[in-house]
Amino acid sequence: MTPTGPRAEAPAYTRPNPFRVFWRLFSTIWSVPKARIGILLLAFFIVVAIFAPLLAPYDPTDTMYGRNQPPSAEHWFGTTASGEDVLSQLIYGARISVLVGALAGGLSTIVAVGVGLTWGYLRNFAGDVINFVVNLFLVIPALPFMIVLATYLQNGGIGVIIVVVALTGWAWGARVLRAQTQSLRSRDFVTAAVFSGERSGRIVFREILPNMTSLIVSSFFGAATGAILAEAGLEFLGLGDPMTVSWGTMLYWAENSNALLTGQWVLLLAPGLCIALLATAMTLINFGVDRLSNPRLREGA
């Protein structure tokens with residue numbers, strides 16, 4: 001006998017709220033003690049970078065405070081060989097490192113995601129070409145390559161540094177994402193999408209990409225860490241704009257003025273310590289991101 005009542009309908013699919021997804025990711029990362037320390041450190045540097053004009057006691061480029069002054073009540077970290085306040089330069093320098101980490105890390109991650117997912121999904125000649133290009137970037141030593149590019153494009157400002165770092169920092173992330181894409185490519189939901197006639201681009205970016213959030217976040221923090229260290233290294237070698245106030249240029253001018261020989265060790269220690277702390281913050285956050293991508297780590301927490 002055929003039922004005469006109203007036919008039950010399947011519940012409509014609703015997209016997850018992006019704010020809830022973000023909060024769930026943040027809560028998982030925050031629950032890891034090491035990641036919590038990293039988040040607080042990163043938040044501190046971001047606040048310093050944003051409010052640098054309010055926090056800095058002096059103009060970082062003002063040279064009217066006497067040369068090579070030791071730490072005092074007026075100048076907590078002393079002054080440089082040109083008479084600039086070291087603390088003010090340190091505060092303003094956070095802006096460059098945070099900016100480079102965010103932009104260069106973001107650009108590297110975007111390239112890595114696009115290349116990695118395409119490389120992992122395609123099984124034709126285009127995939128072989130991508131494989132050759134990625135392997136080429138992987139075997140080229142990153143630091144010498146960055147030095148050559150930065151030298152050729154010298155005096156281009158911080159924008160050139162960001163582009164150089166982004167161009168040299170995407171290959172490893174693409175390789176990791178490619179391996180995960182190949183794993184997801186054989187899953188049932190992807191097979192169903194293929195048989196339903198979905199285009200390859202839609203399958204890659206609408207079906208596979210949402211399942212790789214933790215790896216993408218981890219790739220971003222890894223790329224941002226490398227970008228911060230690379231920017232400081234290139235600036236220290238004099239391959240950036242020496243007139244820019246950054247932690248790397250502080251090290252560059254400290255080395256040029258023989259800071260250690262004159263007893264101005266703080267000129268090297270202060271920016272070097274800030275670079276190390278910011279890179280450490282990114283690394284500690286990655287411990288929490290690893291918990292998202294590795295279920296075994298969740299069990300031991």
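This briefing describes the helices, helix packing, nonpolar cores and selected residues of a predicted model. The chain holds 14 helices and zero strands, where helices (H or I, at least four residues) and strands (E, at least two) are DSSP runs numbered from the N terminus. Of its 301 residues, 39% are buried; buried means under 20% relative accessible area, exposed over 50% and partly exposed in between, with a 1.4 Å probe and protein chains only. Contacts between residues 24 or more positions apart account for 67% of those in the chain with a separation of 6 or more, a contact being heavy atoms within 4.5 Å.

Residues are numbered from 1 along each chain as its sequence is written, and side-chain values use heavy atoms, with hydrogens and water left out. Because the model is predicted, local features need pLDDT of at least 70 and side-chain atom pairs count only at pLDDT 80 or more, whereas totals for chains, interfaces and linings use all residues.

**Helix α4 against α8**

- Two packed helices are described by the angle between their axes and the distance between the axes.
- Helix α4 (residues 86–121) and helix α8 (residues 171–185) have axes that come within 7 Å and cross at roughly 40 degrees; axes are lines fitted to C-alpha atoms, for helices over the stretch in contact, and angles run from 0 to 180 degrees between N-to-C directions.
- That angle makes α4 oblique to α8, given that angles under 35 degrees count as roughly parallel, over 145 as roughly antiparallel, 65 to 115 as roughly perpendicular and the rest as oblique.
- The crossing of α4 past α8 is right-handed: a crossing is right-handed if the near helix is turned clockwise from the far one by less than a right angle, and left-handed if anticlockwise.
- Helix α4 contributes Ala112, Val113, Val115, Gly116, Leu117, Trp119, Gly120 and Tyr121 to the contact, and α8 contributes Gly173, Ala174, Arg175, Leu177, Arg178, Thr181, Gln182 and Arg185.
- The residues in the contact of α4 with α8 comprise eight nonpolar, five polar and three charged; Ala, Val, Leu, Ile, Met, Phe, Trp, Tyr, Cys and Pro count as nonpolar, Asp, Glu, Lys and Arg as charged, and the others, Gly among them, as polar.

**Helix α4 against α11**

- Helices α4 and α11 pack at about 135 degrees with their axes 7 Å apart.
- That makes α4 oblique to α11, and the crossing of the two is right-handed.
- On the α4 side the contact involves Ile96, Ser97, Val100, Gly101, Ala102, Ala104, Gly105, Gly106, Ser108, Thr109 and Val113, which meet Ile216, Ser219, Phe220, Ala223, Ala224, Ala227, Ile228 and Glu231 of α11.
- By class, the contact of α4 with α11 has 11 nonpolar, seven polar and one charged residues.
- Gly106 lies in helix α4 and counts as buried because its relative accessibility is 17%.
- Leaving aside residues up to four places away in sequence, Gly106 touches Gly101 and Phe220.
- The C-alpha atoms of Gly106 and Trp170 are 9.9 Å apart, although the two residues are separated by 64 residues in sequence.

**Helix α9 against α10**

- The axes of α9 (residues 188–195) and α10 (residues 200–208) come within 11 Å and cross at roughly 145 degrees, in a right-handed crossing.
- Phe189, Val190, Ala193 and Val194 of α9 meet Ile203, Glu207 and Ile208 of α10.
- This contact of α9 with α10 divides into six nonpolar, no polar and one charged residues.

**Nonpolar cores**

- In the largest nonpolar core, of 34 residues, Leu42, Trp247 and Ile285 touch the most other members; such a core is a set of buried Ala, Val, Leu, Ile, Met, Phe, Trp, Tyr and Cys residues joined through side-chain atoms within 4.5 Å.
- Two or more residues of this core come from each of α2 (33–50), α4, α11 (213–236), α12 (247–256) and α13 (266–293), and α13 supplies the largest share, 10 residues.
- Leu42 touches Phe221, Leu278, Ala281, Met282 and Ile285, not counting residues up to four places away in sequence.
- Another core, of 19 residues, lies apart from it and includes Val113, Trp119, Ala171 and Met212.

- Ser246 is in the loop between α11 and α12 and counts as buried because its relative accessibility is 0%.
- Residues up to four places away in sequence aside, Ser246 touches Gly93, Ile96, Glu231 and Glu235.
- Helix α12 is mostly covered, with seven of its 10 residues buried, namely Trp247, Gly248, Thr249, Met250, Leu251, Tyr252 and Ala254.
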